[in-house]
Amino acid sequence: MNQFLYVVFPYICLTAFVLGHLWRYRYDKFGWTTRSSQLYENRILRIGSPLFHFGIIGVFFGHVIGLGIPKSWTEAVGVSEGLYHFLAFSVGALAGLATVVGMVILIYRRRTVGPVFSATTRMDKVMYLFLAVVIFLGLFNTVAANILEDYDYRDGVSVWFRGIFRFDLHPELMGEAPLGFQLHGLFAMALFALWPFTRLVHVFSAPLGYLTRPYIVYRSRDTTRLGSHQPRRGWDRVG
Amino acid sequence: MRVMAQMAMVMNLDKCIGCHTCSVTCKQAWTNRSGTEYIWFNNVETKPGLGYPRTYEDQEKWKGGWTLNKRGRLTLKGGGRFKKLLTIFSNPKLPSINEYYEPWTYDYSTLTNAPAQEHTPVARPKSLISGKDMKIEWSANWDDDLGGSTLNGHQDPLLQKIADKVKFEFEQTFMFYLPRICEHCLNPSCAASCPSGAIYKREEDGIVLVDQDKCRGWRMCVSGCPYKKIYFNHRTGKAEKCTFCFPRIEVGQPTICSETCVGRLRYIGLMLYDADKVLEAASTTDEQGLYEAQRDVFLDPSDPEVVRAAEKAGIARDWIDAAQRSPIHALISTYKVALPLHPEYRTMPMVWYIPPLSPVVDVVKETGEDAEDKGNLFAAIDALRIPVEYLAELFTAGDVTPVDGVLKKLAAMRCYMRDINMGREPDASIPAAVGMSEEDMYDMYRLLAIAKYDERYVIPSAHAEQAHSLEELATECSLDYEGGPGMGGSGPFGEGSGAPTPIAVENFQMLQDRQTSDSLAGPDDKADRVNLLNWDGRGSPPGLFPSKGSDS
């Protein structure tokens with residue numbers, strides 16, 4: 001059972017994640033957008049959206065540190081167990097709380113503001129469900145693991161997670177983890193599988209290039225494709 | 001010097017009757033889809049008025065366009081790159097749908113489905129956003145013809161600027177129409193605001209477009225454009241804007257709005273400009289100097305040095321020729337009667353306007369004086385500060401001198417041409433009073449009053465002719481259609497066989513004939529021809545054969 005849940009299932013989901021994005025980018029660039037609903041409603045969005053997005057960016061970096069960096073590395077640079085957990089818990093809980101509050105506001109808005117609700121697709125609703133479950137479980141784990149019980153995910157979940165990418169598989173570590181962590185991991189994997197088929201793709205178009213590109217973009221007409229189809233062989237343009 | 005070509009437009013506001021034909025045909029061509037209901041690439045505003053979206057001209061509120069920072073450098077008024085990225089999750093300066101209007105349709109089916117009842121059934125307005133019943137409170141031209149201006153007129157941002165001198169009083173007011181499309185600026189702040197880099201300016205003709213595949217719907221362009229001519233399609237989640245009808249321009253035809261303009265008030269042509277000087281001109285310290293500064297960016301296409309540089313920059317010979325014949329160049333640089341819309345936004349707009357003399361003429365006419373007399377008109381231009389100052393707020397950042405100059409030129413043209421039309425001796429002192437020669441004045445009159453289709457629209461086609469004909473290539477030579485350069489004739493199996501005439505070519509020539517002919521429809525000798533459908537086959541009615549000429 002562990003073998004399926006924590007080896008086969010993650011690989012299926014991550015494959016769907018990667019291939020799905022490649023497919024979507026190739027065939028649906030036009031649909032690749034944030035699908036903003038700010039035009040319909042601005043007042044609630046102004047509070048909810050930054051709260052959620054900045055929160056989730058914090059949460060993302062928290063995961064990079066917690067899951068990506070081995071315990072031995074942080075100890076090597078002199079971060080003690082206590083300090084690490086204090087930071088992880090305080091910053092993590094803050095970011096998690098911002099995310100949850102933001103998300104609740106946004107879902108409330110999506111449900112109650114008529115135009116926004118009617119612009120919500122079925123895929124959006126499924127995605128919201130998974131996203132909400134993952135986020136709530138995550139926040140619950142942060143609190144539970146630090147206060148109620150003493151589970152060090154850096155010896156368990158993190159090792160399993162890194163193992164997936166190094167083909168060094170440890171499904172048993174997940175099997176031993178508290179139920180909250182197990183569910184969080186499974187739902188997150190499912191969310192990854194859904195990801196490329198939802199509006200979440202806009203995460204990958206975070207416009208960081210804006211900081212370095214010139215203000216005005218010039219483009220020349222594409223001379224290789226002047227008509228609506230490619231010129232046939234033997235009809236190459238002269239000059 | 002880095003020569004670039006820009007497709008530009010000038011509109012003669014004196015001729016605009018506010019019929020909205022341009023808006024309607026544009027909408028039919030480009031924005032009649034779901035999600036674009038409220039999008040008007042072309043709209044016509046009554047001035048004074050709030051504009052569309054409401055009060056878009058108030059840049060202290062909307063923060064569109066560019067401004068100079070403390071060090072005198074050009075920056076986006078809405079904030080730099082970092083600020084843009086930090087506010088990306090909720091754009092603080094995005095007009096809501098209410099600033100435009102909530103689009104609606106009517107519940108027409110009740111008219112036919114309603115059961116028999118005492119009262120006539122009513123088609124209720126239904127919102128196209130929420131689908132619910134709604135109360136119609138605003139639209140794209142709600143304050144058309146000063147409608148409701150006693151209620152809203154004082155909100156016009158331009159009137160507020162000159163408000164210390166005038167109270168908006170309906171009885172004393174003046175009005176004119178302002179058709180607006182995207183300005184296709186030389187220094188577009190929408191493109192600069194786009195985080196994804198999806199908005200680009202075409203190198204060949206300067207048309208500003210949105211790459212629909214690259215746009216990610218961050219909405220910063222809507223805030224960045226001071227003219228609010230970028231719209232957010234709420235169904236696709238992408239930005240859309242006026243395209244200057246590039247598919248038509250590429251084959252040498254004018255935009256839809258120009259093509260269908262009833263007043264024939266639009267002119268399209270090329271401007272050559274020095275791309276290296278744009279930034280410097282846009283950074284001019286004095287706002288009122290921006291009009292002059294932008295005119296200095298334009299190059300004289302007849303100057304041999306400019307022609308050489310243009311050829312070096314890869315601009316084709318026929319494009320340089322077109323730039324020399326460009327009505328835009330004549331109106332902006334030669335006669336200097338066209339002015340840019342809100343140069344103080346520092347985007348270097350490329351749709352310019354000839355300010356209307358009519359508010360002045362109307363006032364003179366109402367007093368019972370001769371409204372075509374130079375003395376009366378000149379005095380009125382000097383005396384009627386309110387319309388003139390209003391026009392100055394619109395076209396020269398508040399500087400009345402250029403507006404005065406243009407209005408006097410137009411007034412002088414009126415008086416000078418009246419003498420000619422009445423068969424009197426033309427008075428050379430009239431053009432001289434506004435610093436023009438008699439010949440210049442007459443040429444300007446020709447261009448403004450009677451210019452034909454191909455004088456108003458001087459549009460060189462893009463160099464893609466070959467690909468265009470390849471599109472419909474069958475088995476024969478693509479030039480082998482009637483009247484084409486191939487002229488291969490009808491082959492061994494008669495006319496009906498072989499490839500059909502490419503429909504694009506046929507349509508194009510038919511359209512062009514119709515557009516350039518003086519009569520409304522058909523050729524000059526239409527009356528002399530015979531309609532074969534009505535011919536019973538007996539005898540030969542007159543006109544069946546062309547006349548044999550005088551020798552028979």
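Modeller: A residue is buried if 20 or more other C-beta atoms lie within 10 Å of its own, exposed if 12 or fewer, and partly exposed in between, with C-beta atoms placed from the backbone. Lys228(B) has 23 C-beta neighbours inside 10 Å and therefore counts as buried. Please keep in mind that this is a predicted model, in which local features need pLDDT of at least 70 and side-chain atom pairs count only at pLDDT 80 or more, while totals for chains, interfaces and linings use all residues. Residues are numbered from 1 along each chain as its sequence is written, and chains are lettered from A and ligands numbered from 1 in the order in which they are written.

Colleague: Where is Lys228(B) found?

Modeller: Lys228(B) is in the loop between helix H9 (220-224) and strand E10 (230-233) of chain B. Helices (H or I, at least four residues) and strands (E, at least two) are DSSP runs, numbered from the N terminus. The backbone of Lys228(B) has a positive phi of about 50°, although the residue is not a glycine. His20(B), likewise not a glycine, has a positive phi of about 65°. His20(B) lies in the loop between E1 and helix H1 (21-30) of chain B, and with 20 other C-beta atoms within 10 Å it is buried.

Colleague: How much of chain B counts as buried?

Modeller: Of its 552 residues, 42% count as buried. Chain B contains 25 helices and 14 strands.

Colleague: How should I read the pairing of strands?

Modeller: Strands of a sheet pair through backbone hydrogen bonds, either parallel or antiparallel. Here, two strands pair if DSSP finds at least two bridges between them. In chain B, 4 strands form an open sheet in the order E12-E1-E14-E13, with mixed pairing. Strand E12 (266-274) and strand E13 (339-340) of chain B stand at the edges with a single partner strand each, so one side of each has no neighbour in the sheet. Within this sheet, strand E1 (residues 3-12) and strand E14 (residues 351-354) of chain B run parallel and are joined by 4 bridges. Val10(B) has Trp352(B) in E14(B) as its bridge partner.

Colleague: Which strand is joined to E2(B) by 5 bridges?

Modeller: Strand E7 (residues 176-180) of chain B is joined to E2(B) in this way, and the two run antiparallel. Lys47(B) has Phe176(B) in E7(B) as its bridge partner. Strand E2 (residues 43-47) of chain B is largely enclosed by the rest of the structure, because 5 of its 5 residues are buried. Asn43(B), Glu45(B) and Lys47(B) cover one side, and Val44(B) and Thr46(B) the other.

Colleague: What is the peptide bond from Lys47(B) to Pro48(B), cis or trans?

Modeller: That bond is cis, with omega near -5°. Pro48(B) is found in the loop between E2 and helix H2 (59-62) of chain B. The bond from Tyr52(B) to Pro53(B) is also cis, with omega near -5°, and Pro53(B) is in the loop between E2 and H2 of chain B.

Colleague: How is the length of a helix checked?

Modeller: The expected span is 1.5 Å times one less than the number of residues. Helix H2 (residues 43-68) of chain A has 26 residues and should span 38 Å, which agrees with the 38 Å between its end C-alpha atoms. Its buried residues include Leu45(A), Leu51(A), Phe52(A) and Val59(A). The buried residues of H2(A) pack against helix H4 (81-112) of chain A.

Colleague: How do the chains meet?

Modeller: Two residues are in contact if their C-beta atoms, placed from the backbone, lie within 7 Å. In this model, 42 residues of chain B are in contact with 39 residues of chain A. The largest share of the side of chain B that touches chain A, 5 residues, comes from H24(B). Strand E1 (residues 217-219) of chain A pairs with E8(B) in the parallel sense over 3 bridges, and Arg219(A) stands opposite Arg202(B) in E8(B).

Colleague: What is the mean pLDDT of chain A?

Modeller: With pLDDT being the predictor's confidence in each residue, from 0 to 100, the mean for chain A is 87, and 92% of its residues reach 70 or more. Over residues 225-229 of chain A the pLDDT is below 50. Where pLDDT is low, the predicted coordinates should not be read in detail.
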